[in-house]
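This briefing is meant to be read beside the sequence and the coordinates.

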Amino acid sequence: MMVLSVIVAILVCLIGYIYRSLRPPPPRICGVRHGPPVTSPRIKLSDGRYLAYRESGVDKAKAKHKIIVVHGFNSSKDMEFPIPEELIEKHGIYFIFFDRAGYGESDPHPSRTVKSEAYDIQELADKLKIGPKFYVLGISLGAYSVYSCLKYIPHRLAGAVLVVPFVNYWWTKVRQDILSKAFDLMPKNDQWTFRVAHYVPWLLYWWLTQKLFSSSSMITGNPALCSDKDLEVIKKKSKNPSPVMEKNRQQGDHECLHRDMIAGFATWEFDPTELENPFAGGEGSVHMWQAMEDRIIPHEVNHYISQKLPWIKYHEVSGYGHLLTAEEEKCKDIIKAIFV
């Protein structure tokens, strides 16, 4: 009887340990008791969530062009996107930067999907009354939001830009040999992380927090994924770190980083190569910017997509890595191309 009691006790402890290991901690919601303070303007979405945003550029009422910028992985509305003032004034540009769900001061969205990103952006535009048409510019993992806008709200777009855009290795219409070759170039630990995010997303929290194996190079900052130019940027930023960037993950890694990966690597309702040109009449344009030294985003996949969708204006940038938007000259090129 004593042995049975011991076995039961061990099993109960083991089950409890497994349960705690798999279950993410509750989010630290901004603006509630014991949560981080709200320091930015926010809009309330129709589902009750709050979305934090930041405005810059010319006055909204005088703007000729309104651009919503979508940040990438482990970033926020406080990201840097250096554009000289004279270019902003010349083209009359008004920018909206916003925290995607779970990042910064925007509420988490446990059921977020690629599709929900487009409607968050549309509602943000409507609540801020920026008009029927606007541009979207997505960077890295934030580019899946741009693909979502092209699919679900193309009628609201004046133009779209994908910068070092995210690749889902489970897209169904992209040639599998190209996807497989690109996937194999990633570090083995990242390959497993992407698989977990796609096949068993409920296990991703445990996978990214366990200590037995290395899991994500992007979270740990593995320099193997950095080009020489990226390393220069990182070294420069480390000398003057931005205090606001500490707020990126303040509500919990699971609410921002993990859910972002789960949404991005899920099975999409559409494939990028099936998208239709929203500007068949030439009233706008879609651009894709690919850094050729990028070790996070495989250029072969994005080049293939641009060939399948010839209405995308494809720009290859030699000598640059994933941190392309850290360079003012490149940001100028990205913005100027929109208006050519």
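The side chains of Arg112 and Asp260 meet in a salt bridge, at 3.4 Å from N to O, where a salt bridge is a side-chain nitrogen of Lys or Arg within 4 Å of a carboxyl oxygen of Asp or Glu. This pair links distant parts of the chain, since Arg112 is in the loop between E4 and H3 whereas Asp260 is in helix H10 (residues 253-265), 148 residues apart; helices (H or I, at least four residues) and strands (E, at least two) are DSSP runs, numbered from the N terminus. Both Arg112 and Asp260 are buried, a word that stands for under 20% relative accessible area, with exposed meaning over 50% and partly exposed in between (1.4 Å probe, protein chains only).

The model is predicted, so local features need pLDDT of at least 70 and side-chain atom pairs count only at pLDDT 80 or more, while totals for chains, interfaces and linings use all residues. Residues are numbered from 1 along each chain as its sequence is written, and side-chain values use heavy atoms, with hydrogens and water left out.

**Other salt bridges**

- By this rule the count comes to 18 salt bridges.
- One of them joins Asp107 to Arg42, with the closest N and O atoms 3.7 Å apart; because Asp107 lies in the loop between strand E4 (93-98) and helix H3 (114-127) and Arg42 in strand E1 (residues 42-44), the pair ties together parts that are 65 residues apart in sequence.
- Within that pair, Asp107 is buried, with a relative accessible area of 11%, whereas Arg42 counts as partly exposed at 23% relative accessibility.
- Lys332 forms a salt bridge with Glu329, the closest N and O atoms being 3.5 Å apart, and both residues lie in helix H12 (residues 328-338), three residues apart, which is about one turn of the helix.
- Glu329 counts as partly exposed, at 46% relative accessibility.
- Arg54, Lys77, Asp78 and Asp99 are linked in a network of salt bridges.

- Leaving aside residues up to four places away in sequence, Phe81 touches Phe97, Leu137, Ile139, Thr325, Cys331, Ile334 and Ile335, where contact means heavy atoms within 4.5 Å.

**Helix H5**

- In helix H5 (residues 176-184), the residues Ile178, Leu179, Ala182 and Phe183 are buried; they cover an arc of only 130° around the axis, which puts them on the same side of H5, the arc being that of the directions from the helix axis to the C-beta atoms.
- The face of H5 turned away from its buried side carries the exposed residues Lys181 and Asp184, while what covers the buried residues of H5 includes helix H6 (188-199) and helix H11 (299-308).

**Strand E3**

- In strand E3 (residues 65-70), six of its six residues are buried, with His65, Ile67 and Val69 on one side and Lys66, Ile68 and Val70 on the other.

**Annotated domain**

- The UniProt annotation "domain: AB hydrolase-1", from an unreviewed entry, covers residues 67-325; the end C-alpha atoms of this span lie 15 Å apart, and the span is 37% helix and 14% strand.

Terms used:
UniProt positions renumbered as here; feature names shortened; annotations may be inferred.
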